[in-house]
10 protein chains.
Amino acid sequence: MTKEDVTAMILSAKRSSGMTWEDIAAKIDMSPVWTHSAAMGMNAMPKDKAEALSSVMGLPQEAALVLAESPTKIWEQAVPTDPCIYRLYEIVGVYGPTIKAIIQEKFGDGIMSAIDFDMQITRVEHPKGDRVKIEMSGKYLGYNSW
Amino acid sequence: MTKEDVTAMILSAKRSSGMTWEDIAAKIDMSPVWTHSAAMGMNAMPKDKAEALSSVMGLPQEAALVLAESPTKIWEQAVPTDPCIYRLYEIVGVYGPTIKAIIQEKFGDGIMSAIDFDMQITRVEHPKGDRVKIEMSGKYLGYNSW
Amino acid sequence: MTKEDVTAMILSAKRSSGMTWEDIAAKIDMSPVWTHSAAMGMNAMPKDKAEALSSVMGLPQEAALVLAESPTKIWEQAVPTDPCIYRLYEIVGVYGPTIKAIIQEKFGDGIMSAIDFDMQITRVEHPKGDRVKIEMSGKYLGYNSW
Amino acid sequence: MTKEDVTAMILSAKRSSGMTWEDIAAKIDMSPVWTHSAAMGMNAMPKDKAEALSSVMGLPQEAALVLAESPTKIWEQAVPTDPCIYRLYEIVGVYGPTIKAIIQEKFGDGIMSAIDFDMQITRVEHPKGDRVKIEMSGKYLGYNSW
Amino acid sequence: MTKEDVTAMILSAKRSSGMTWEDIAAKIDMSPVWTHSAAMGMNAMPKDKAEALSSVMGLPQEAALVLAESPTKIWEQAVPTDPCIYRLYEIVGVYGPTIKAIIQEKFGDGIMSAIDFDMQITRVEHPKGDRVKIEMSGKYLGYNSW
Amino acid sequence: MTKEDVTAMILSAKRSSGMTWEDIAAKIDMSPVWTHSAAMGMNAMPKDKAEALSSVMGLPQEAALVLAESPTKIWEQAVPTDPCIYRLYEIVGVYGPTIKAIIQEKFGDGIMSAIDFDMQITRVEHPKGDRVKIEMSGKYLGYNSW
Amino acid sequence: MTKEDVTAMILSAKRSSGMTWEDIAAKIDMSPVWTHSAAMGMNAMPKDKAEALSSVMGLPQEAALVLAESPTKIWEQAVPTDPCIYRLYEIVGVYGPTIKAIIQEKFGDGIMSAIDFDMQITRVEHPKGDRVKIEMSGKYLGYNSW
Amino acid sequence: MTKEDVTAMILSAKRSSGMTWEDIAAKIDMSPVWTHSAAMGMNAMPKDKAEALSSVMGLPQEAALVLAESPTKIWEQAVPTDPCIYRLYEIVGVYGPTIKAIIQEKFGDGIMSAIDFDMQITRVEHPKGDRVKIEMSGKYLGYNSW
Amino acid sequence: MTKEDVTAMILSAKRSSGMTWEDIAAKIDMSPVWTHSAAMGMNAMPKDKAEALSSVMGLPQEAALVLAESPTKIWEQAVPTDPCIYRLYEIVGVYGPTIKAIIQEKFGDGIMSAIDFDMQITRVEHPKGDRVKIEMSGKYLGYNSW
Amino acid sequence: MTKEDVTAMILSAKRSSGMTWEDIAAKIDMSPVWTHSAAMGMNAMPKDKAEALSSVMGLPQEAALVLAESPTKIWEQAVPTDPCIYRLYEIVGVYGPTIKAIIQEKFGDGIMSAIDFDMQITRVEHPKGDRVKIEMSGKYLGYNSW
């Protein structure tokens, strides 16, 4: 049983249950972003969360073990073509040097961690059309000298 | 006089003036993210902001015209190697399909615009080490059928 | 049942029915371009159109659900080799900067949306050989400053 | 004197004259799309048009000869990053197979020529936001068998 | 039944029949180059030729329909490694700009069509070793101005 | 003095002399294809031809030595974008496996040499539009076994 | 039955027979390099050698026919990662221009054929550690002028 | 003064002196292959050889120091297009797995070193056309286990 | 039975036995790094170690033979996306030229062997967070001149 | 004055002073690895170290400011061809998944930081040939769940 197998079981159980990612996340008391990402096999679940998710989705016992394993995170190396995902690359491409400049102005020579990291996505109402809000938070890490 | 020329003049004026991007942005009453990005030639400035920036930085007259022109936005097409910028690609690579899934759950079939878009970066104090917070906001656009 | 499965069922039903894309599009009261694209799994169908298409092509019930789901649009990232498709890339490659210049002259700093977008293809008679006419229409989106 | 030299002279003369591409095109009695493209060195000008453009923009004599030469058309081979140009690739990527299918349904086994080809761009008013209209027309060419 | 299936059936029938491509081409009264290319799924066959080939090779009825469909021509995008095919790329790479210069000297600003096109291959005896002769013929197409 | 320098001198002398490649080739008693290719630095000239060309074009003495040196042949490794040159790649891409099959049917296991090789280009009149004819001839080389 | 099938049969028979490539090559009276290469499907075997190999390895009758067919030689296009094979690329990368210079100094403007070619590999004893000796021999081919 | 500068000085001195690589190599008592490679900046010269070469070619004093420095060996990463160099890649591509198999049969699990390595190139007379002989010799290195 | 088959058998036996890589390595008296690497099929095992591992993991007899065969080492050629592995590439990318400079300062013109090589990984306690320590050791190899 | 300018000044001063990297590092009381890396513009120097280095190497005043700025770290994205640097990629390619497995066995789901990181290189005497020892140390960072 691989991470891909478990993802397929979760997607199938989700379809027949009619639950949204927000529903599922609420049942295991985690955020929807992290829950979806772990269900896709892109994050390892702490043991208790893996068991909670298995029980919510009615998965076989071995699934919780697999959900708790460290994944090898493989993502699209070329520019992804799906318009919704591509726009994120466009933002990072256009604003990457700006984000670097502002981080270094505010913190010093270092980076925002992508490991000690979390993210929230919300819908914000707006008279000219509702807006997507993405909030990312990562620990600042400064370079070492020796 | 090209966008690259104006960027070089701004960077040089900034160095000798000792101002930060936050200082400069405050003087033209815009955000630091957008101000840096426009100074780098990645966004066109409205005419009045272009003139304000020229005056703050002591640029020659023609510079304001150039700052107001539409740029051709060229960004790194391969994976960028600078660790601070790379981490942003890693986030978008790992969480791209998750962001897509959550947007479509909350809004329907569509995308977050990267054109009608803005971003803020702040430093958040934290006992285990301060954190970088990035907030993105983009208009939701739904696909057309015809 | 995936989008690919449904596409295969539609192509097979189309072959045995002898209908053209124009016939099929007429039956669900949409354009041939959009109908083909959605049948190929490159656009999500509104629920009623998904059900209409399923009924016209004699598909199983689940197919309408699949046709209504948001696709992950994956298209050829390298230069496509089919001569008919390649010529479109050649046009966009040669005339891309021109289209950008004319849009910005007519509208300001912004883009033509590929999301709020539609297209028509027609055959135009001509004494020296009939011509293909492609008409694209997309909403103008102006860049934000903040 | 190269095509690049002549392009630079035209852009500079345009800036100081204050003319738009539409103004320039009207003076040489050609379309703005073709005029911009030829000025960018992506199309050869018939001799009389090359001379008319040289005279309108106040170029040196040799420029007309250069404008009339066959260009080697070199365009961005990787996915271009400018959002306005990228959206065109997205359209061709998503709808390429659809355009091929509709052309072959309407004409037979063949292609739309990118050589015997023309294009118009217009602004269409619309209550929910004006739209960009791009019209392409190319001769149908059928494959040979022998 | 796909183009690949039909190609496999033709190759198998050819092997057991002992016919050469020249034999097969003669039976359907077409050239060996075009016949091989269509048998490989790289050209669509006119209906009567598709039926003739099916009958010569003893293919099932549906095969003639498939042979008559428009192919999506997918060819090696990277430099092919087979020495016999690579040498053709080497020729086109080394002599491409020369062929362009000579065509434009003899015809004007335009191209040799690869659609309205045919090719012959013959063996030419030579005292120092026989030679391969490849003759290509394509319609000249001149660029449009508008 | 490099091959590039000599090419530039030849092109400039050609422009001011008004000669075509055919004229120049006739003066040194070689074919236009080979003459253009050697003038572009893609073939080495035998000493007497190098001197003849230098004298015809009025080049400095050292130029003949450079024309006689072995070039390092560097050609476009990616798909070239110029439509006239691209069509040649399209032909080689679509018909490459066919040319290989026919050569091996007519000669055995081997290749057409691209070294012991020559080429002619002619204009062929045709009522539906004149045609470009390209004739290639290369020595057959059979693989060795040992 | 494909070349890959025959390769697999040979490898399996080799393993159970305990023969080395040198043993096998000796039985068919050819070199080990060529024998291995043909067994891998990278060279066509003359009919008698194909039959000899089939008989030595106990292959089914059809295998000899397949071994005698012209292969499409497909090899790793990217830099291969196996250290033993990579070192060969490193040698060719570092010394390629040197080999070209020495060949042209000794022979004139031309190449070493990779078609009329053979190779031997031997173990040479050496007090500081035995050495691998690779000897390549290819016919010199001079460029044509016409 | 860089390695490139010294290479240019050597080439220029060689042209005016009329010496071949074989002549130059003889004067410093090294092989022509290694001498050319070090002159091209692809190998570091022992101090005495660097001084000998400087004196033979009449180079300024600093040149010997530069010839003795460790180079950063940068070679063509894509498939090189020069036919003489390409054929070497073709040989390594086709015969790479064979060379690996024979080395491992003769030595065990390991590689031929490209560092403790040397090469000779000779012209071998042959009635059907002279042949290029390339002899490579590299120390066998076995993998470590720990 | 391939190397991949044996890897899968080892991973499955490891999961059911509950042993760590450190446990397994201790049982065959080798290091955990080398043991994991050989179990993944990236190193050949000496015969006795192959038999010991087979017996520890309860593998079928043929497995020991396969573990002892020379692997073809194929590793990710593009930048790997897993964050844990990517960081290693980042280190090598940033510090590669530094490592080269220091090696050449300490040893002369040459390299650190990746064949006569070993590695250890340990956990080092640290008050601000434990640290990963990686120790690599490879034989110095000096370039040859001849 | 850019980082590249300062690197060139340091290299030139180093050459004329005859100091090694070890000498320079000792004078500013830092390690040779970090000192070289910062001198190459791949790490920012703390202000006092930047001033110390400037004074040791006799650089102009502005140089210390430049050495203290955050660099944009750009390193070779393709496989580097220099054999000394390539071997490091080979090690990371072959052993990357092993390093990941051992880290996760010893620490949990996370990575070794390349930011809070240091490295030492030493020469280790050995009777069969001295060895290069590389020691890397990076802080362990565990993934977040939220």
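## Interface of chains B and J

Across the interface of chain B and chain J, three residue pairs are found in polar contact, both residues at pLDDT 80 or more, where a polar contact is a pair of N or O atoms within 3.5 Å, of which, within protein, one must be able to donate a hydrogen and the other to accept it, residues adjacent in sequence counting only if both atoms are side-chain atoms. The largest share of the side of chain B that touches chain J, three residues, comes from helix α6 (residues 83-107) of chain B, helices being DSSP runs of H or I of at least four residues, numbered from the N terminus. The model is predicted, so local features need pLDDT of at least 70 and side-chain atom pairs count only at pLDDT 80 or more, while totals for chains, interfaces and linings use all residues. Residues are numbered from 1 along each chain as its sequence is written, chains are lettered from A and ligands numbered from 1 in the order in which they are written, and side-chain values use heavy atoms, with hydrogens and water left out.

The contact (heavy atoms within 4.5 Å) takes ten residues from chain B and ten residues from chain J. Together the two chains bury about 760 Å², 45% of it on carbon and sulfur atoms; buried area is the accessible area, for a 1.4 Å probe, that two parts lose on being put together, summed over both. R15(B), T81(B) and D82(B) supply 57% of the area that chain B buries against chain J, more than any other three residues. R15(B) also takes part, through its side chain, in a salt bridge with the side chain of E69(J), at 3.8 Å from N to O, the criterion being a side-chain nitrogen of Lys or Arg within 4 Å of a carboxyl oxygen of Asp or Glu.

N43(D) is placed in the loop between α3 (32-39) and α4 (47-57) of chain D, and it counts as buried because its relative accessibility is 1%, the cut-off being under 20% relative accessible area (1.4 Å probe, protein chains only). The side chain of N43(D) makes a polar contact of 3.0 Å with that of Y95(C) and another, of 3.1 Å, with the side chain of K73(D).

## Surroundings of R87(F)

R87(F) lies in helix α6 (residues 83-107) of chain F and, at 1% relative accessibility, counts as buried. Leaving out residues up to four places away in sequence, R87(F) touches residues including Y86(C), R87(C), E90(C) and I115(D).

How values were computed:
Helix = DSSP H or I, 4+ residues; strand = E, 2+ residues; numbered from the N terminus. Buried < 20%, exposed > 50% of the residue type's maximum accessible area, 1.4 Å probe, protein only.
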